Amino acid sequence: MNRTLDPAAALHWLAARLARPQWSLADTVVTGQLGERAARARRFDTGLTVALTLDRSPRQAAGACLLLAATPEAGDDALYLSGDRLWLLRRYPVALTEVELDLLFKQQQAMAALLAARERAAPVPLPIAGRYA
C-alpha cells in the first residue's frame with residue numbers, strides 16, 4: 001500500500017528502521033543507530049528533517065562541503081558539525097508517499113556513503129633517474 005505520510009507518520013516510519021530508537025520532546029524527535037551511522041530525526045509542521053553521521057573527521061569538512069555542493073541531487077542537504085561529529089542533514093517535504101520517503105531516504109544514505117572519507121592509495125614512487133622499467 002502506498003499511502004501518503006504526514007511528518008508524524010514519516011517520523012514513525014523512520015523510527016521503525018532504527019536500532020534502539022529513543023524518543024524525546026513529546027515524540028517529535030527520535031535518535032538511534034542505522035547500521036554503523038548514528039541518526040537523528042525531528043518532525044516539524046513543514047516536514048521531516050533527518051541527520052546521519054558521516055565517516056569524516058571535522059578537519060575534512062571542507063572537502064565534504066565541496067563534494068556536496070557539486071551534487072545537484074543534494075539541493076535539500078546540508079552539513080553541520082556537532083561536537084566532533086560531522087552530520088549530513090536532509091529536509092523532506094511535508095507529504096510523501098511511503099515509496100517516495102523510502103527512495104529519498106536511501107538516496108540520503110547513499111550520499112552519506114559518498115561523502116565518507118576514503119583511504120587513498122600510496123603514491124607511486126617515481127623512477128630513479130636513468131632507470132626505466
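**Aromatic pairs, nonpolar core and selected residues**

Y80 has a relative accessible area of 26% and is therefore partly exposed, as this term covers values between 20% and 50%. The model described here is predicted.

A search of the whole structure returned two aromatic pairs. One of them joins W13 and F105 in an edge-to-face arrangement, with 5.9 Å from centre to centre and an angle of 90° between the planes. This pair links distant parts of the chain, since W13 belongs to helix 1 and F105 to helix 3, 92 residues apart. W13 is buried, because its relative accessibility is 9%. F105 is likewise buried, because its value is 4%. Y80 and W87 make up an aromatic pair that is stacked, with centres 6.1 Å apart and 10° between the planes.

Helix 1 spans residues 7–15, and its buried residues are P7, A10, L11, W13, L14 and A15. The buried residues of helix 1 pack against strand 1 (4–5), strand 2, strand 3, strand 4 (37–44), strand 5 (47–53) and helix 3.

The largest nonpolar core holds 29 residues, and within it V50 and L88 touch the most other members. Two or more residues of this core come from each of helix 1, strand 3, strand 4, strand 5, helix 2 (61–69), strand 7 (85–91) and helix 3. Apart from neighbours within four places in sequence, the contacts of L88 include V50, A51, L52, L54 and L68. L88 is also in contact with D77, A78 and L79, and with Q108, M111, A112 and L115.

Q108 is located in helix 3, which covers residues 98–115. Its relative accessible area is 0%, so Q108 is buried. A polar atom of the Q108 side chain lies 3.4 Å from the backbone oxygen of L88. This separation counts as a polar contact because the limit for such a pair is 3.5 Å. When neighbours within four places in sequence are left aside, Q108 is in contact with V50, A51 and L52, with L88, L89 and R90, and with Y92.

Two residues were examined for their backbone angles. Most residues other than glycine have a negative phi. R20 is not a glycine, yet its phi is positive, near 55°. R20 lies in strand 2, residues 19–24. With a relative accessible area of 63%, R20 is exposed, because the cut-off for this class is over 50%. D27, also not a glycine, has a positive phi of about 60°. D27 is placed in the loop between strand 2 and strand 3 (29–34). Its relative accessibility is 41%, so D27 counts as partly exposed.

Notes: Residues are numbered from 1 along each chain as its sequence is written. This is a predicted model: local features need pLDDT of at least 70, side-chain atom pairs count only at pLDDT 80 or more; totals for chains, interfaces and linings use all residues. Side-chain values use heavy atoms; hydrogens and water are left out. Helices (H or I, at least four residues) and strands (E, at least two) are DSSP runs, numbered from the N terminus. Buried means under 20% relative accessible area, exposed over 50%, partly exposed in between (1.4 Å probe, protein chains only). A polar contact is a pair of N or O atoms within 3.5 Å; within protein, one must be able to donate a hydrogen and the other to accept it, and residues adjacent in sequence count only if both atoms are side-chain atoms. Contact means heavy atoms within 4.5 Å. A nonpolar core is a set of buried Ala, Val, Leu, Ile, Met, Phe, Trp, Tyr and Cys residues joined through side-chain atoms within 4.5 Å. Rings of Phe, Tyr and Trp (its six-membered ring) pair if their centres lie within 6.5 Å; planes under 30 degrees apart count as stacked, over 60 as edge-to-face and the rest as tilted.
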